[in-house]
Amino acid sequence: MTAPAAERTLTLNEIGPAKRGSRPDEVVVAVSPAFADPFTKTIVDVPHAEVIRQILAGIEEQGVTARMVKVWDTADLAAVAHIGARLSGSGISIGLLSRGTTMIHQRDLARLSNLELFPQSPLLDAEVFRRIGSNAAQYAKGESPAPVPTRNDQMARPRWQAKAALLHLKEFECIVAGRKPVEVEPVISRR
Amino acid sequence: MTATQPRSSRRTEILESRPVNLDGFVEEWPEKGLVAMESDFDPAPGVRVEDGRIVELDGRARADFDFMDTYIADHAIDAEAAEAANAVPSVEIARMLVDPRAGRDEVVAIGRALTPAKILDVVKLMNVVEIMMAMQKMRARRTPANQAHSTSAKDNPIQVAADAAEGALRGFAELETTLGVVRYAPLLAIALQVGGQAGRGGVLTQCALEEATELELGMRGITAYAETISVYGTESVFVDGDDTPWSKAFLASAYASRGIKMRFTSGTGSEVQMGNAEGRSMLYLEIRCILMARGAGVQGLQNGSISCIGVPGAVPGGIRAVAAENLIASWMDLECASGNDQSFSHSPMRRTSRLLPQLLPGTDFVCSGYSAVPNPDNMFAGSNLDVEDYDDWNTMQRDLQVDGGLRHVRDSEILQVREKAARALQAVFAELDLTPISDQEVEAAVYAHGSEDYPDRDVLEDIKAAQSVMDRGITGLDLVKALERGGFHDVAENLLNVLRQRVSGDLLQTSAILTGDFVPLSAINDANDYGGPGSGYRLEGERWEQLKKLRHVTSAENPETEVS
Amino acid sequence: MSATAPHSAPDSGPDLGPDDYPLSVNRQDLLRTPTGKPLSALTMEAVVAGEITPEDLRIAPETLLLQATLAESVQRRQLADNFRRAAELTAVPDAEVLAMYNALRPRASSREALIAIAENLEGKYHATVCGALVREAAEVYERRNLLASEEES
């Protein structure tokens with residue numbers, strides 16, 4: 001596959017150990033170990049740069065700030081999202097796996113519960129990521145947004161599940177056991 | 001396409017366009033556990049017992065046990081018999097499984113003392129027909145049954161109720177719902193219960209949720225049983241699921257302490273899907289799950305890969321492994337709700353071939369979720385079978401003379417129970433001061449196929465109503481009262497009868513379901529007594545007459561007409 | 001119908017065998033709600049009259065022990081053990097059961113917290129089998145590094 005001329009790439013520059021935020025109007029975007037490096041796109045080839053660009057735009061259009069965290073010691077979505085939520089000043093987070101699976105989480109919920117879950121990574125496109133950002137920001141403001149409509153394609157499983165498992169195995173190899181979450185600055189550049 | 005690409009034949013183009021080529025297939029990667037059941041990386045069988053305690057299991061010493069080894073060694077395996085049982089050659093045990101002259105009890109007894117690797121060693125000797133032969137004998141309940149999903153892409157409670165009623169009438173013994181938006185749960189759990197009891201008294205319902213919430217709905221008597229109690233074959237994945245064998249065993253007792261039927265869920269592929277199979281084959285890890293479930297004393301297990309079916313489905317021999325895991329659950333004397341509950345293939349032919357190893361021998365629940373709604377409305381992400389397959393299913397039952405738990409029902413009867421379910425739910429919502437259901441919505445429910453055929457609901461108001469169900473502490477008893485006050489006396493009686501079952505605890509026994517007369521049918525009073533040709537469950541008599549009926553059958557008496 | 005299977009359970013109580021199942025059909029005489037009512041009292045009339053509470057629709061510990069005896073009579077040892085633990089848990093309020101379950105999740109509790117739960121089960125609720133399960137969990141969690149780490153507790 002040839003890349004479009006203006007394809008964006010994402011770099012996550014490490015700032016330092018992730019700390020609990022104090023701003024009540026922030027959303028933490030927590031990503032899994034292989035996000036942006038070595039993986040660069042979701043299971044259906046949405047570039048990670050585009051995923052982050054849309055999520056951040058969705059958060060900012062609600063007047064809420066975003067902070068990004070990379071989680072190193074797990075590739076479990078609920079865990080990634082819950083770690084993000086516990087670091088978030090508002091208690092709201094968006095958790096993301098490299099293949100695109102996404103969850104909006106809240107600090108006070110049980111880890112395996114969630115505000116919104118988008119389990120079918122092959123169905124998540126740029127527009128959905130923007131709406132996820134927007135909804136998370138609205139939760140952070142204490143609002144009750146209508147959930148992002150859940151897409152449901154019953155044939156995604158036979159088409160994509162085994163590939164997803166392969167991607168996850170590769171992501172698992174990027175886990176650094178015991179390494180604490182790191183605050184990162186997203187830099188999106190055109191190649 | 002570029003000019004340099006080699007030319008394909010027209011036949012290749014036709015084959016390329018066949019649905020099966022939309023399915024995903026991957027190579028095996030045994031080092032990472034991406035392999036069905038034949039892996040050089042699985043341990044060799046072995047057991048050593050000292051002072052009545054297992055000190056070595058499948059080549060691992062007690063000091064090195066992970067928590068699954070510990071739990072299995074201390075709770076699942078009959079230690080006193082272990083060394084002798086494991087010394088029996090695997091081929092002899094495999095032959096006992098297949099040979100009708102070896103009784104079920106005898107085969108169960110030896111199974112109680114085997115280690116996970118030994119069990120794997122036995123089933124690896126069996127081909128898929130032998131696995132089916134064994135399943136026919138080892139299924140715990142004599143009479144096979146089936147389970148349905150009733151969900152809605154819009155989380156529309158009226159749809160869930162109407163499709164639950166139709167499903168119950170068609171023969172499902174259990175109905176299950178889940179949500180797109182989790183906060184809707186209480187409303188859909190109510191809709192499923194009311195709709196189910198309007199369709200056929202005694203159908204059992206559940207709402208798949210996070211463990212603690214699922215238990216709470218069960219304790220309140222809004223649901224009748226629980227199933228989404230997931231267990232995993234490696235310690236790290238178990239912990240990722242936020243549980244341990246001890247928390248799950250405690251949960252099993254918690255359900256039983258409230259008189260609520262419960263089974264665990266597991267399946268091949270979940271560990272590799274979650275990224276940590278520790279280099280073991282899918283079936284080896286699933287056997288650990290099955291043994292953990294037995295050790296916890298839970299009566300049954302939903303397995304057959306379940307939500308991970310795309311993983312074993314993508315590797316060589318994967319569907320044979322799935323048939324084997326159902327067999328092992330039954331062999332370990334557990335109720336088995338045997339999968340066939342997730343979208344599996346684009347190919348109708350492949351969907352059917354995946355189903356036969358459970359449909360032909362019969363299992364406790366052939367599907368642990370046949371979609372009683374159109375697949376696009378199935379919030380378990382689609383099932384292997386859906387409402388559009390009803391007539392095919394009924395025809396397969398009639399062709400092969402096998403009982404898959406369903407039957408053909410005349411349209412007039414279906415419309416009647418759909419309306420009754422929607423009206424009953426309308427009354428309950430009104431009595432409990434929940435979001436109103438309009439007559440227009442009821443009418444839509446009678447004739448609808450999928451969620452697009454219903455007027456849209458006010459989602460935010462519904463979610464508020466759902467929260468109020470939790471805040472106000474509404475229970476199953478409140479539903480009974482609301483139905484009675486609303487003029488649905490028979491539905492109220494049905495639900496009260498289901499709630500009364502808790503007091504007796506009869507539904508806690510292995511493989512229990514309720515007949516239309518509210519008689520519990522389990523592996524005690526309906527124990528599988530298969531002993532070869534002419535024995536065990538046979539599709540005959542009144543039930544066979546029911547299954548001879550299809551939508552279009554030409555009358556023998558008057559060939560110018562049809563009977564149905 | 002009479003029980004024909006040999007008595008196999010160490011628990012006290014009637015000599016039950018497979019022929020007694022289902023108890024709701026064959027042995028209603030043995031069944032009582034935790035509030036002491038017979039099954040036949042759970043009628044729609046009583047519900048409408050407000051005489052039935054959710055407490056009446058629960059299972060009594062004695063009934064769970066009967067089901068344990070039945071399970072044992074068909075060689076389901078672990079199922080019977082589960083019913084015995086369940087019999088103990090009938091005394092524990094819903095919210096506390098949920099809290100105990102959550103405390104048993106991995107890395108949710110310190111060793112001391114788990115031992116305190118076990119002591120509470122054994123002392124307040126006479127739930128010795130459940131208490132032993134929690135103690136066993138504490139021991140395994142410690143060995144497998146699944147107790148709450150300090151910053152998380």
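Mentor: D69(B) and R288(B) are both buried. Buried means under 20% relative accessible area, exposed means over 50%, and partly exposed lies in between (1.4 Å probe, protein chains only). This is a predicted model, where local features need pLDDT of at least 70 and side-chain atom pairs count only at pLDDT 80 or more, while totals for chains, interfaces and linings use all residues. Residues are numbered from 1 along each chain as its sequence is written, chains are lettered from A and ligands numbered from 1 in the order written, and side-chain values use heavy atoms, leaving out hydrogens and water.

Back to our pair. The side chains of D69(B) and R288(B) form a salt bridge, 2.8 Å from N to O. The term needs a side-chain nitrogen of Lys or Arg within 4 Å of a carboxyl oxygen of Asp or Glu. D69(B) sits in helix α2 (67–76) of chain B and R288(B) in helix α14 (282–296) of chain B, so the bridge ties together parts 219 residues apart in sequence. Helices (H or I, at least four residues) and strands (E, at least two) are DSSP runs, numbered from the N terminus.

Now take R423(B) and E419(B). Their salt bridge spans 3.5 Å, N to O. Both residues lie in helix α18 (411–431) of chain B, four residues apart, about one turn of the helix. R423(B) has 28% relative accessibility, so it counts as partly exposed. E419(B), at 35%, counts as partly exposed too.

Next, E50(B) and R48(B). Their side chains meet in a salt bridge at 2.8 Å, N to O. E50(B) is partly exposed, because its relative accessibility is 39%. R48(B) is partly exposed at 38%.

What about the interface of chain A and chain B? The rule finds one salt bridge there. E173(A) pairs with K32(B), with the closest N and O atoms 3.0 Å apart. Helix α4 (156–172) of chain A gives the most to the side of chain A that touches chain B: twelve residues. In all, 28 residues of chain A are in contact with 40 residues of chain B. Contact means heavy atoms within 4.5 Å.

Finally, the total. Over all chains, the count comes to 62 salt bridges.
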